[in-house]
Amino acid sequence: MKNIKRRTFLKTASAASIGALTPIKYSLSNESINGKILVVLELSGGNDGLNTIVPYGDDNYYKHRPKIGLKENKLLKIDDYFGFNPGIVGLEALYKEGKMAIIHGCGYDNPSFSHFTSMAYMHTAAPNSGEEYGWIGRLADHMAPSTYKNFIVNVDKTQSLAVKSKMHVPIVFDHPERYQREGFYVQKNVLNTLVNSNNDYDINSSREFLNEIANSANQSSNLISEAWAKYTRKVDYGIDAVDLDKIAALIEADLPTRLYYTAFRDNAFDTHVHQNNLHTRLLTYASDAIRGFISDLERMGRADDVVVLVMTEFGRRVPENTSLGTDHGSAGPMFVIGTSVKGGHYGEIPDLVNGLDDGDNLKYTTDFRSVYATLIDNWLKVDSKNILRKNFQTFDIFDRTV
Amino acid sequence: MKLIWLNIRKIKLFIFVFLFLFSFNISAKENPNWYGNIEPITSQDWDINKAKHLLERAGFGGTPEEIKFLYNLGLSKAIEHLVYYENISVSEMPKFNESDIHDPGLINFPPSRPATTKLAKETGEALGIKVKESGNRKLQPIVNKFFFWLRASRLETKRVAYWWADRMISSPRPLEEKMTLFWHNHFANNETKVRDYRKLLLQNETFRIHATGNFRDLIIATAKDPAMLYFLDAGQNIKGSPNENFAREIMELFTLGVGNYEEKDIREAARAFTGWNTNDLEFVVNKDLHDNESKTILNKTGNFSGEDVIDILLSQEAASKFIVKKLYKEFVNENINDDIISDYAHVLEQNNFELKPLLAAIFSSKDFYSEQNRGSHIKSPVELVISTYKKLGLNNTPGVPDFNQSTTAMGQTLFWPPTVAGWAGGRSWITPALLMERGNFARSFLYPDIDFIDKDFYSPDPKIIVMHKAIREGADITTATKSSNGGDSMMMMSEANMMADRDEDFNTRYGSYRGWQMAVSKVKPIIRDTININFTKMVLDSGAKNTSEAVDYLINRFLTVKINSEKRMMIISFLNNNLGTNNIIEAKTYLEDPLKMVLHLIMSQPEYQLG
């Protein structure tokens, strides 16, 4: 009555291999993998771009924000127009070292003011459409065949839509030390054996899904937990490493992963009320973590292989609200950070008078997909049209090494 | 009824009957036309498997005896028992046992540590503590209390979660608890923002009171609960410059969904909610701050109040569909078709947003019992834990493993939903790592950790621990802070760590350390008991005589979706190998551990995630 379809022993003698990560050979059928790594850091909740990179040289900023506008003397000035939020000493250092590109005014047409909708648009790189897969997932589908395992790592509790892929099952975890099946020695064989029973998949698709995930878990858990066990943190990532230390550990272990995704989670940047202290603190955490990560990569000699994209789902309303906070807005800056980056300003700086729509939101000056396209075309060296469906302007931000 | 379940001789009989019926029914194929058909099944269609499915979905599953009890009631009585539960007494369910950590100084708790110290500097007092007249670290006691409350409320909220978990396991009204959980996910407030267990406890009671009541009453009660008012900044929403947070979420997440309103509707609705606020735990409308001008919301114009807005929202066609869709996804299947949603939305509207008739219709329908909708639901971590404990026959939540740590490791922490949209549910519960955690969870109650430490009580943060040691050895605060930052061993110092001791009036890291100590002195501990189940007895009482029967009994008891025969054979031969025989009666003196290992294997299967 029941068909025996497939039997796969996925792991062997895992108990004996701790500390001895076997080098993995991948036969790459695809020439398009150039060894470069992209790390995306999402600031969820809608980071207030105007209070991150503050246009103190424009009086209109203070007119819109009489109470929560950051005073000139508090800012970390980078030129005679912009100053960094006082909390981002780490980013200021990276900027001054020429490792941080600021791309201004990133947004899209008909912006959604819903966190979840707007973030979904950022994740799919397809605003106002029903795209099913994420842009990182589609990038993976294009770059690597499904036989290339562990191409995407998403450090998070749950999987981001950004990494949803047709062909790849992303490795998703948030506690590498826990990413292991526990059990007695005698149980290992049965525990690690996956039996697919696809006789009812047409009726129960949940079951098929669970089997796929179980397969991926068996294939990746040893890699991750061993990489983490071998890693020692030698730089200061601050109060919250935002999981960038975990990514550093995997890069140091030379995982085949090329696309990493992590997030400052749980809508943290949604600063409707009394935002200044909170926002500065959040930015400090993120900025310390990014600086720690870049230092860590430099320590291991891998800094030139990696760039970090820092993004959020939307900027915030230009005028402050009465609660000493800001409501959901539209465009905002994105950052690309790394030793291969040619630091500086890119994109048109939004106009705080004529650049506002009826709802007092910034009209975008850069389609956010231009930033994605820049990374895809100029960093990963893949034709972005295949992923983003059309051509977007790119920025020349990598001419240091690429 | 509980007495019957506890009567062991009768249980034996039940199980024989149960197994017989089970094996009889396993081959029965349902009519394929049932999928998508909301007509009720007939009493002839009712069988033990349907009772099992019903208890799994309308509750958290149960023991074979509980399933048999529901089966014996017959279809309509079973549904009445689960849905129309008013006459089932819950007066013996214990109230939450509070730790007494709150005092009047903590009312109107400032939004942040800087806001607290600013208030203290300006007024000479904060959190009920006066600023020291002179001397070093004048604000330190205030900063200590600030961190005390953050930690204490957090710890107490975890105790509330424990209390609720016990209630989910032992309540004679399982649907009431399941719907309370559903509403917690629908109106998802997070302790990190609310920062007051008292408000979350009140909200939990509100969800329970209205669990299967009227949706309109529920929304109004929830909107007026201090937790929600605080969570969505309602108190900040005042005439002249409204804060849109609450108005946006009530449309987007609570009633209509994106695409059924415009931005201007949000702005106008926010005006109607102006002046809504709390006085500690009481709802108040501040008339001076309420906007009394005319508003236009979804093409209706008038001087609307907050309640009026809720009525306008519920009068939209999208409203009933929105909530029905969410209920259907939770109780029937993540995959939906629009026709059935429209049909059920009609039921909800006809009943004036009363939920019981809708739930009864869903649980009676052919669709609900169709093959496609059985065993298709991926359990949330809380469901997985509660249903596991229920199927084991436990009456309360064990202390080891820690309930909150277990569910957190699997991706869900009660009272800490990740965002205002709640947990995404369905497939998002499963990632490679989370699937492994689910198997590890089974092991953690079968083989409790003897080195268990409650990490909320005892800090795992090395910075705090290093500071603690330095202070204990007599170091001054500044020196202790420096050593907690790793001294000179770090290549560079982050901004945040340098800021820990920048103000001479107080030291934030010391405050967080002392606050922690103060919190663990006051919050009552959680009892760390472990499960104590005799699996040998459970299996032998079932009548099983050999390893195949033992494995089949455990599979039937714990799984909704059966594993295939190859895996079953693998587990049987595992048991044979570990016992050295297939005769479990012969092996009964050393059967216990091998049975636990078998149970761990069964619960590690992908199939165990389905209900």
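A residue is buried if 20 or more other C-beta atoms lie within 10 Å of its own, exposed if 12 or fewer, and partly exposed in between. The exercises below apply to a predicted model.

**Exercise 1.** Determine whether Lys381(A) is buried, exposed or partly exposed, and describe its backbone.

*Solution.* 
Step 1. Lys381(A) is located in the loop between α9 (368-379) and α10 (385-388) of chain A.
Step 2. Although not a glycine, Lys381(A) has a positive phi of about 60°.
Step 3. Within 10 Å there are 14 other C-beta atoms, so Lys381(A) is partly exposed.

**Exercise 2.** Carry out the analysis for Ala125(A): state its place, its phi and its burial class.

*Solution.* 
Step 1. The loop between α3 (115-124) and α4 (135-143) of chain A holds Ala125(A).
Step 2. Its phi is near 55°, a positive value in a residue other than glycine.
Step 3. Most residues other than glycine have a negative phi.
Step 4. Ala125(A) counts as buried because it has 28 C-beta neighbours inside 10 Å.

**Exercise 3.** State whether the peptide bond from Val400(B) to Pro401(B) is cis or trans, and locate Pro401(B) in chain B.

*Solution.* 
Step 1. Omega of the bond from Val400(B) to Pro401(B) is near 0°, and the bond is cis.
Step 2. Most peptide bonds are trans.
Step 3. Pro401(B) is placed in the loop between α20 (381-392) and α21 (403-409) of chain B.

**Exercise 4.** Describe the side of chain B that touches chain A, and identify the element that gives the largest share of its residues.

*Solution.* 
Step 1. The contact involves 64 residues of chain B and 70 residues of chain A.
Step 2. Elements of chain B that give two or more residues to this side are α6 (113-123), α13 (245-255), α22 (432-446), α25 (495-499), α29 (565-579) and α30 (592-603).
Step 3. The largest share, 8 residues, comes from α22(B).
Step 4. By residue class, this side of chain B divides into 28 nonpolar, 24 polar and 12 charged.

Conventions
Residues are numbered from 1 along each chain as its sequence is written. Chains are lettered from A and ligands numbered from 1 in the order in which they are written. This is a predicted model: local features need pLDDT of at least 70, side-chain atom pairs count only at pLDDT 80 or more; totals for chains, interfaces and linings use all residues. Helices (H or I, at least four residues) and strands (E, at least two) are DSSP runs, numbered from the N terminus. Two residues are in contact if their C-beta atoms, placed from the backbone, lie within 7 Å. Ala, Val, Leu, Ile, Met, Phe, Trp, Tyr, Cys and Pro count as nonpolar, Asp, Glu, Lys and Arg as charged, and the others, Gly among them, as polar.
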